[in-house]
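This report describes one protein chain in plain terms. Please keep the sequence and the model in view while reading.

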Amino acid sequence: MSGALTLRFSTQAQLDIRRITRELSDLQSQVASGAKAKDLLGFGGASSRLLSAQSMRASADARGSMLNQLTARFGVQAAALGQVGESSGLLAQSIRDAISSNDGRGIAIELELSFSSIVSALNETWNGQPMFAGERQDGRPVTITTLDQLQAAASTSDIFDEATRHQTIDIGAGEPVSLSAKASELSTGLFDTLKSLANLIDSHGGTIGQPISAADRTTLQNIADQLDQQGSRFDTEQGRAGQLQNRFEQERVRLQERSNLLVKEIGEQADADVAEISIQLNSLLVQYEAAAKTFSELSNVSLLNYLR
């Protein structure tokens, strides 16, 4: 009977040693990886919550990254719009200065400089895509490069090459947002005014000269006023770009905060608690030593030892 009990206790000690060894290995793996389990199956009932939180975090991070790119884009877009408005204003001021000094010889040069600056700004791109061409992924929305081409244009199709629809983005609110008006919507009137000024200069043989006639003064004053009006459209559009930039930045911050909360939730579900694991390790080591000692003592029990 004593032998049977000894065998049973010895077997139980072996089983305890194997169990404790397995649990020690699992805890050591958690310390090494920092995770409670090596796969979702190991999280049991918490796996569905963990998977859902990871999916929501991935979605928030992806949208946040997109909005971060959009915020940067609107900075470039606002600068391009501001460049057009500034160029229009500078040309208008140059015309008024010429009227004031009764000397129009510098207007032609100012027109060339403003035209080049305006075309360059309207053809600005972001990541290789034109910003004022609607859905177009490449090319230039403003196809003309010289004042001669502008004067020769019979219709807007000779000046612009754009997509039919605007470029839009859905930031998750369920309502797509138009990123920008198209170049033709913004600048058709402006190019008409530049064309009128170029025609006036050509009618004087390439320069208005000195002095300026009363009729030309009136025409130039009207052109300067039109340039101010057209330039104000770009100031308005620049303000809209700033508003969208602020809106997207606020949404990006909100998504970052959501992502941080989800990271915390995922950590609570998935991350190993090193302090708790340390306590468990110490407890298991004590159990291991006790089981090993018991197994060793029982293994040495024999009739010879009993007779001694």
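## Terms and source

A residue is called buried when its relative accessible area is under 20%, exposed when that area is over 50%, and partly exposed in between, using a 1.4 Å probe and protein chains only. Asn102, at 22% relative accessibility, therefore counts as partly exposed.

The model is predicted, so local features need pLDDT of at least 70 and side-chain atom pairs count only at pLDDT 80 or more, while totals for chains, interfaces and linings use all residues. Residues are numbered from 1 along each chain as its sequence is written, and side-chain values use heavy atoms, with hydrogens and water left out.

## Overall layout

The protein has eight helices and four strands. Both kinds of element are DSSP runs numbered from the N terminus: helices are H or I with at least four residues, and strands are E with at least two. Along the sequence, the elements follow the pattern α-α-α-β-β-α-β-β-α-α-α-α.

The protein has 308 residues, and 37% of them count as buried. A contact means heavy atoms within 4.5 Å. Of the contacts in the protein with a separation of 6 or more, 75% are between residues 24 or more positions apart.

## Helices α3 and α5

The expected span of a helix is 1.5 Å times one less than its number of residues. Helix α3 has 16 residues, and its first and last C-alpha atoms are 22 Å apart, close to the expected 22 Å. Helix α5 covers residues 183–203, and its 21 residues should span 30 Å; the end C-alpha atoms are 29 Å apart, which agrees. There is also a kink of about 30 degrees in α5, centred on Gly189. Such a bend is the angle between axes fitted to the seven residues ending at a residue and the seven starting there.

Two packed helices are described by the angle between their axes and the distance between the axes. The axes of α3 (residues 107–122) and α5 come within 11 Å and cross at roughly 160 degrees. Axes here are lines fitted to C-alpha atoms, for helices over the stretch in contact, and angles run from 0 to 180 degrees between N-to-C directions. Angles under 35 degrees count as roughly parallel, over 145 as roughly antiparallel, 65 to 115 as roughly perpendicular and the rest as oblique. The two helices α3 and α5 are therefore roughly antiparallel to each other.

Which residues of α3 meet α5? They are Ile107, Ala108, Leu111, Phe115, Ile118, Val119 and Leu122, and in α5 they meet Ala183, Ser187, Leu190, Phe191, Leu194, Leu197, Ala198 and Ile201. The buried residues of α3 include Leu111, Phe115 and Ile118, and also Ser114 and Ser117.

## Residues in helices and strands

Glu237 lies in helix α6, residues 214–270. Is Glu237 buried or exposed? With a relative accessible area of 10%, Glu237 is buried. Apart from neighbours within four places in sequence, Glu237 is in contact with Leu81, Ser180, Ala181 and Leu186.

Arg96 belongs to helix α2, residues 47–101, and is partly exposed, with a relative accessible area of 24%. Leaving aside neighbours within four places in sequence, Arg96 is in contact with Gln221, Ala224, Asp225 and Asp228. Its C-alpha atom is separated by 9.8 Å from that of Ile223, 127 residues apart along the chain. Ser178, in strand β4 (residues 177–178), counts as partly exposed at 21% relative accessibility. Not counting residues up to four places away in sequence, Ser178 touches His166, Gln167, Thr168, Arg240 and Leu244.

## Backbone in the loops

Most residues other than glycine have a negative phi, and most peptide bonds are trans. Asn102, in the loop between α2 and α3, has a positive phi near 60 degrees. Asn127 also has a positive phi, of about 55 degrees, although it is not a glycine. Asn127 lies in the loop between β1 (125–126) and β2 (129–130) and counts as exposed, at 64% relative accessibility.

After α5 comes Gly205, whose phi is positive, near 80 degrees. Pro211 sits in the loop between α5 and α6. The peptide bond that joins Gln210 and Pro211 is cis, with omega about -5 degrees.
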